[in-house]
Amino acid sequence: MIRRAVLVVLGLLWLGPTYLLFVNASRPASSYDPGRAWVPSLDFSLFENFGRALESANLTQSLASTALYAIVSPLLGVLIGALAGYTIVVLRLRHGFFWFILIFGGTVFPSQMLLVPLFVGYSDASLYDSRLGMILIYTAISVPLAAFVLRNFYTGVAFSIFEAARMDGASTWRIFWGIYLPISLSALTAVFILEFTFVWNDLIFGLTLTQTEDVRPVMTAIAGLMTDVYAGTPVPVGLAAGLVVSLPTVVLFLATQRLFARGLSLGSV
């Protein structure tokens, strides 16, 4: 009984910031009062505030760009990571562990260390403020985790499957597409969900590598909107934009949570 009560109290404390976000994002823009932040308003204006944010920050184009980045880049990342895991484990690439460390080693360094070289390199290569450039950087970031999970997954697959397929005359490429990729669908889905969430919520690369409204990610656009709070943008408008824009990742996780948990356990993360 005491344990349950403690868990309830801790759960309420954990949900406190979410409650504040929802309550203040739902109140009319003109009635925000920091002294009454915990008191809900009788007028539900969440969608009205979000519509106002769409207009003032032109979030429609940013949402479209972010959807493109969050779908294409993780898909490419998990595919390349699966190919890397398949090559290292199944095809028994020479010095495979070295190549795996080379791929995964980039995650050791903080992202902040990459910003200046990326900015200079993107400017020299004419990739700055372009959707192609954002897809490339998000894909590169997605590959190491995918390679890590899929390498672990393919280690647990019997090598006799590959040998039997080769005896039947299948090429290594056909074995990958027809056998190894389908059986690793759960692990691929788990990695895709993680990478989708990261790309959708990214701020730092969007701030560094984009400038125009039709290229910048949505979190970058919302950050710009929130910096305008003291210039006239009401706080509920910025909070409503952040709340509604975060919903796709929540919905995706809730819809695929069983597959997500199964994929992570299969990938031994």
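**Figure 1. Residue classes in the lining of the largest pocket.** Eleven nonpolar residues, three polar residues and one charged residue make up the lining of the largest pocket. The structure shown is a predicted model. The space within this largest pocket amounts to about 340 Å³.

**Figure 2. Centre of the largest pocket.** The largest pocket is lined by 15 residues, of which Gly 106, Thr 107, Ser 111, Ile 141 and Pro 144 are the closest to the centre. Two or more lining residues come from each of the elements α4 (96–104), α6 (131–155) and α9 (185–201). The greatest contribution to the lining of the largest pocket is that of α6, which supplies five residues.

**Figure 3. The second largest pocket and its lining.** The second largest pocket holds about 180 Å³ of space. Its lining consists of Thr 18, Leu 21, Phe 22, Gly 242, Leu 243, Ser 246, Leu 247 and Val 250. The elements that provide two or more of the residues lining the second largest pocket are α1 (2–26) and α12 (235–255).

**Figure 4. Helix α12 and residue classes at the second largest pocket.** With five residues, α12 accounts for the largest share of the lining of the second largest pocket. By class, five residues of the lining of the second largest pocket are nonpolar and three are polar, while none is charged.

Methods
Residues numbered from 1 in each chain as written. Predicted model: local features only at pLDDT ≥ 70, side-chain atom pairs only at ≥ 80, totals over all residues. Heavy atoms only, no water. 1 Å grid on protein atoms, 1.4 Å probe; cavity = no way out; pocket = protein on both sides within 12 Å on 5 of 7 lines; lining within 4 Å. Points joined across faces, edges and corners; volume = space filled by probe spheres on them. Helix = DSSP H or I, 4+ residues; strand = E, 2+ residues; numbered from the N terminus. Nonpolar A, V, L, I, M, F, W, Y, C, P; charged D, E, K, R; others polar.
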